[in-house]
Amino acid sequence: MNDEILAQQLAKTGNLLDLLNDEAWVRETEAIEAECGGQVEAGLGLKAYVEQLATVPSAAFRQQRRQVQLLSILLPELKAWLQSWELGRIFEAVYIEAQRQLFEHLQRPTPEQVIWLDSLLAEDSRQISPEQKTVRSQAIVMLVQMFTEDDWQALAQTAAEETARGILQVRHRQLHQQARQTQRPG
């Protein structure tokens, strides 16, 4: 991968994964691989991995690419949504749990979700301004519908556990600080 292309992509969208949505880049990459007679890899350490990839059916690659494209759209929406909850120090733990749930739901979407996800990908492939992306503007509504009662319980449990962990860390620091103060010769 060319550093200039990566820099341009980062400046353009702020997300390197968006390159996977660029048909021209994908075709160029495929042409480079065809020219060299196989998969382009980064060093000998990936040889076994590349050999394993050769056994994966092309349909699996297409499905994986679709997953990456969906995640490149939905993860920023998920993050912004969760940030609006003002979770403070527990944000990261809740966000990781929400990501896990999203990954699971994208593995087995309902028929209605498949229709919406297809529309989301189709809209994203068009070069339109963010204000014109009406399907993407429905992302939070769809996430709310996608997450089950168990998902919401898991998010609440994660938040509670992380809050408890933070409180106990404060207590531990206070006890440690008091112990140091009592050990000082006064």
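This is a predicted model: local features need pLDDT of at least 70, side-chain atom pairs count only at pLDDT 80 or more; totals for chains, interfaces and linings use all residues.
Let's start with glutamate 123. Glutamate 123 sits in helix α6, which covers residues 111–125. How many aromatic pairs does a search of the whole structure find? The count is 6. Take tryptophan 81 and tryptophan 85. Their ring centres are 5.1 Å apart and their planes stand at 80 degrees, so this pair is edge-to-face. Tryptophan 81 is buried, at 12% relative accessibility. Tryptophan 85 is partly exposed, at 30%. Now pair tryptophan 85 with tryptophan 152. Here the centres are 5.9 Å apart and the planes are at 20 degrees, so the pair is stacked. Tryptophan 85 lies in the loop between α4 (58–83) and α5 (91–107), while tryptophan 152 lies in helix α8 (residues 149–183), so the pair ties together parts 67 residues apart in sequence. Tryptophan 152 is partly exposed too, with 29% relative accessibility. Ring pairs link Trp81, Trp85, Phe147 and Trp152 into a cluster.

On to helix α7, residues 139–146. Which residues of helix α7 are buried? They are Ala139, Met142, Leu143 and Met146. Down the axis of α7, these buried residues fall within an arc of 100 degrees, so they line one face of the helix. An α-helix has 3.6 residues a turn, so residues three or four places apart point the same way. What do the buried residues of α7 pack against? Four helices: α4, α5, α6 and α8.

Two residues show the other side of that packing. Glutamine 113 belongs to helix α6. Its relative accessible area is 9%, so glutamine 113 is buried. Outside four places in sequence, glutamine 113 is in contact with Met142 and Met146. Leucine 74 is in helix α4. Its relative accessible area is 1%, so leucine 74 is buried. Again leaving aside neighbours within four places, leucine 74 contacts Leu102, Leu106, Trp116, Leu117, Leu120 and Ala139. From leucine 74 to glutamine 99 is 25 residues along the chain, and their C-alpha atoms are 9.6 Å apart.

Last stop, leucine 20. Leucine 20 lies in the loop between α1 (3–13) and α2 (23–36). Leucine 20 is partly exposed, with a relative accessible area of 23%. Beyond four places in sequence, leucine 20 is in contact with Trp25, Val26, Arg65, Val68 and Gln69. Leucine 20 and arginine 66 are 46 residues apart in sequence, with 9.2 Å between their C-alpha atoms.

Key. Residues are numbered from 1 along each chain as its sequence is written. Side-chain values use heavy atoms; hydrogens and water are left out. Helices (H or I, at least four residues) and strands (E, at least two) are DSSP runs, numbered from the N terminus. Rings of Phe, Tyr and Trp (its six-membered ring) pair if their centres lie within 6.5 Å; planes under 30 degrees apart count as stacked, over 60 as edge-to-face and the rest as tilted. Buried means under 20% relative accessible area, exposed over 50%, partly exposed in between (1.4 Å probe, protein chains only). Contact means heavy atoms within 4.5 Å. The arc is that of the directions from the helix axis to the C-beta atoms.
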